[in-house]
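Here is a short briefing on side-chain contacts. It covers charged pairs first, then aromatic rings.

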Amino acid sequence: MLLDFDIELEQIFGAPPLKSTTGMLKETVEKQPALVKALRSAYVDAVKVIKAGQDDDFFNVKAKEFFNLSTPEEIAAGKKVNKENLAEKWGDVFFQSQNKILQSGIAPGLLPNIGNLNDLWVK
């Protein structure tokens, strides 16, 4: 069961794994800093709206298109998970645990080594 796996990872790494991310190629970051800044700004704004609980109308309208959720129960569960993914528990301990998870994939070559993992996080 996925929940048991999350609890196990939390015990190993200190926090559950982040299940929602945005990524970009290093080359794109280097060649288009204005694009990176605009995307990060939009992401930060979206996080603020979700944390403030102001995303309900948008989520209801886009639930099928973005998340393939259609029943009221699916939509309610999706909103709950969306808010949990952006919970206020985020902080240095959370980011360090995510860095450990990423490092466990970098060491065997499953993920690229991008340098300072702390540069990844929108805080």
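In which helix do E65 and K62 lie, and how many residues apart are they? Both sit in helix α4, three residues apart, or about one turn of the helix. The model is predicted. Searching the whole structure gives two salt bridges and four aromatic pairs.

- E65 pairs with K62 in a salt bridge, and their closest N and O atoms are 3.3 Å apart.
- E65 has 57% relative accessibility, so this residue counts as exposed, the cut-off being over 50%.
- K62 has 24% relative accessibility and counts as partly exposed, because that value falls between the 20% and 50% cut-offs.

- D56 forms a salt bridge with K79, with 4.0 Å between the closest N and O atoms.
- This pair links distant parts of the chain: D56 belongs to helix α4 (residues 56-67) and K79 to helix α5 (residues 72-85), 23 residues apart.
- D56 is partly exposed, at 31% relative accessibility.
- K79 is at 17% relative accessibility, so K79 counts as buried, the cut-off being under 20%.
- As a general point, side chains of opposite charge can pair when their charged atoms come close.

**Aromatic rings**

- Two values describe a pair of aromatic rings: the distance of the centres and the angle of the planes.
- What are the distance and the angle for the rings of F59 and F67? Their centres are 5.1 Å apart and their planes lie at 15 degrees, so the pair is stacked.
- The stacked label follows because planes under 30 degrees apart count as stacked.
- F66 and F67 make an edge-to-face pair, with 6.2 Å centre to centre and 90 degrees between the planes.
- F67 therefore takes part in a stacked pair with F59 and in an edge-to-face pair with F66.
- Ring pairs join F58, F59, F66 and F67 into a cluster.

**Accessibility of the ring residues**

- Is F59 buried or exposed? F59 is buried, with a relative accessible area of 4%.
- F67, the stacking partner of F59, counts as partly exposed at 43% relative accessibility.
- F66 has a relative accessible area of 46% and is partly exposed.

Note on methods
Residues numbered from 1 in each chain as written. Predicted model: local features only at pLDDT ≥ 70, side-chain atom pairs only at ≥ 80, totals over all residues. Heavy atoms only, no water. Salt bridge = Lys/Arg side-chain N within 4 Å of Asp/Glu carboxyl O. Helix = DSSP H or I, 4+ residues; strand = E, 2+ residues; numbered from the N terminus. Buried < 20%, exposed > 50% of the residue type's maximum accessible area, 1.4 Å probe, protein only. Phe/Tyr/Trp six-rings, centres within 6.5 Å; stacked < 30°, edge-to-face > 60°.
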